[in-house]
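Here is a short report on one protein model.

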Amino acid sequence: ARSDDDIAPERASTVLEFMEKSAEVEPDMASYSTVVGALARTIDPDNAVQAEKFMKHVEDGFRAGQANLEPDTILYNCVIGCISKSNTDGAYRRAQAVLDRQIRLHEDGCESCRPDVYGFTSVISTCAKETKEKQKAFQVALAEFQSLRHHDEYGSPNHVTYGSMLKACARLLQPGDSMRRKWTRKVFLMAVNDGCVGDMVLS
């Protein structure tokens, strides 16, 4: 998983799938986090599909009472990262769906999978990459941005969050659109007030 080999994610996934079928070597959260982390390091649409499959397996195991499969924040962040790197149209919807699942599971009592600023920021960044459903993607980005700002338990937006939201304004709203000017101004002023005007925000 830590090598630079192009087929490392595939090899790691194969080992994990063998463990899933084995009666002697049962995978735990460390196993899944390691493999999904490897999948997140390379750009391949198939990696996102594989990562989502492993995430679902962990969730199913946890709900079935397997104490060694309690989903954690890192797992969900890596899955969202895989989806973001897939660079496919509609990826923002899949990223939002994963975050929604994470939020629901946390609200149901899974403390270890508490959403954080990195997950929200990754969803916003995925929205900014959308090339077809731009209006819908902007609405998702805005909703997740506002949700993060209004839920202190998930952390506070950072300079990357603000930069990603401004990127969404720039890429998803047409020049001349009053919404583009309105939200660019509002997001920038929020960044100023929160002391988060870094290079990404300015660029």
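Contact means heavy atoms within 4.5 Å. Neighbours within four places in sequence left aside, F138 is in contact with M165, A168, C169, L172, L173, M179 and W183. This is a predicted model: local features need pLDDT of at least 70, side-chain atom pairs count only at pLDDT 80 or more, and totals for chains, interfaces and linings use all residues. Residues are numbered from 1 along each chain as its sequence is written, and side-chain values use heavy atoms, with hydrogens and water left out.

**Core.** A nonpolar core is a set of buried Ala, Val, Leu, Ile, Met, Phe, Trp, Tyr and Cys residues joined through side-chain atoms within 4.5 Å. Buried means under 20% relative accessible area, exposed over 50%, partly exposed in between (1.4 Å probe, protein chains only). The largest such core has 57 residues, and F138, Y162 and M165 have the most contacts inside it.

**Loop residue.** T42 sits in the loop between helix 2 and helix 3. Helices are DSSP runs (H or I, at least four residues), numbered from the N terminus. With neighbours within four places in sequence left aside, T42 is in contact with P9, N47 and K85.

| Pair | Separation |
|---|---|
| T42 and N47, side chains | polar contact of 2.6 Å |
| T42 and V201, C-alpha atoms | 26 Å |

A polar contact is a pair of N or O atoms within 3.5 Å; within protein, one must be able to donate a hydrogen and the other to accept it, and residues adjacent in sequence count only if both atoms are side-chain atoms.

Notes: Helices (H or I, at least four residues) and strands (E, at least two) are DSSP runs, numbered from the N terminus.
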